[in-house]
Amino acid sequence: MIEFFVAGVPKPAGSKRAFRNAKTGRIIVIDDCTKGKDWRGDVRFVATQAVGDDASPLDGPLYLYVDFHMPRPKGHFGRNGVKASAPAYPTSKPDATKLLRCIEDALTGILWRDDAQIVMQSVSKVYADKQPGARVRVGRMEQSA
């Protein structure tokens, strides 16, 4: 199993947008969420550090578990820490699916060749106790006979 924590505020991979380049006629696909570029870079950097520069992507069926630690809004805090009335879970945007999509895109070519190899995944979104970020765990699925 490969496990690592990426510090920072998790960003989503937004919807994709495609358009035709007027000069070349080629179709260009871009991510609507421009803020996710730096986050994807952070994820790629930490993953590369976790597996080493010389590691090749994993083969076969994989599992992916990601726990997103989101920052609490300032309004959740009172004089004595987190208010009792503050919600336990972040239910506002970005949604967990788009956060996960960003991780999947960032790790393609580093931990796996294609995110289609992920056959089991789990994602959670919680408030960070200390530092916002994402805890990522990836491993090979056991082959049954």
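Glu 3 and Arg 135 form a salt bridge, with their closest N and O atoms 4.0 Å apart; a salt bridge here is a side-chain nitrogen of Lys or Arg within 4 Å of a carboxyl oxygen of Asp or Glu. The two residues are 132 positions apart, Glu 3 in strand β1 and Arg 135 in strand β8. This is a predicted model, in which local features need pLDDT of at least 70 and side-chain atom pairs count only at pLDDT 80 or more, while totals for chains, interfaces and linings use all residues. Residues are numbered from 1 along each chain as its sequence is written, and side-chain values use heavy atoms, leaving out hydrogens and water.

**Overall layout**

- The protein chain has two helices and eight strands, which are DSSP runs numbered from the N terminus (helices: H or I, at least four residues; strands: E, at least two).
- Their order along the sequence is β-β-β-α-β-β-β-α-β-β.
- The C-alpha trace spans about 55 × 50 × 30 Å along its principal axes.
- Of the 145 residues, 31% count as buried (buried means under 20% relative accessible area, exposed over 50%, partly exposed in between, with a 1.4 Å probe and protein chains only).

**Salt bridges**

- The whole structure holds three salt bridges.
- In the pair already described, Glu 3 is partly exposed at 40% relative accessibility, and Arg 135 is partly exposed at 29%.
- Asp 59 pairs with Arg 113, and their closest N and O atoms are 2.9 Å apart.
- This pair joins the loop between α1 and β4, which holds Asp 59, to the loop between α2 and β7 (118-127), which holds Arg 113.
- Arg 137 forms a salt bridge with Asp 67, at 3.3 Å between the closest N and O atoms.
- Arg 137 lies in strand β8 and Asp 67 in strand β4, 70 residues apart.

**Nonpolar core**

- The largest nonpolar core has 26 residues, and Ile 103, Leu 107 and Val 136 have the most contacts inside it (such a core is a set of buried Ala, Val, Leu, Ile, Met, Phe, Trp, Tyr and Cys residues joined through side-chain atoms within 4.5 Å).
- Elements giving two or more residues to this core are β1 (2-7), α1 (36-51), β4 (62-70), α2 (96-107) and β8 (133-140).
- Helix α2 gives the largest share, six residues.
- Leaving aside residues up to four places away in sequence, Leu 107 touches Phe 4, Val 43, Ala 47, Trp 112 and Val 136 (contact means heavy atoms within 4.5 Å).

- Thr 97 is found in helix α2.
- Thr 97 is exposed, with a relative accessible area of 55%.
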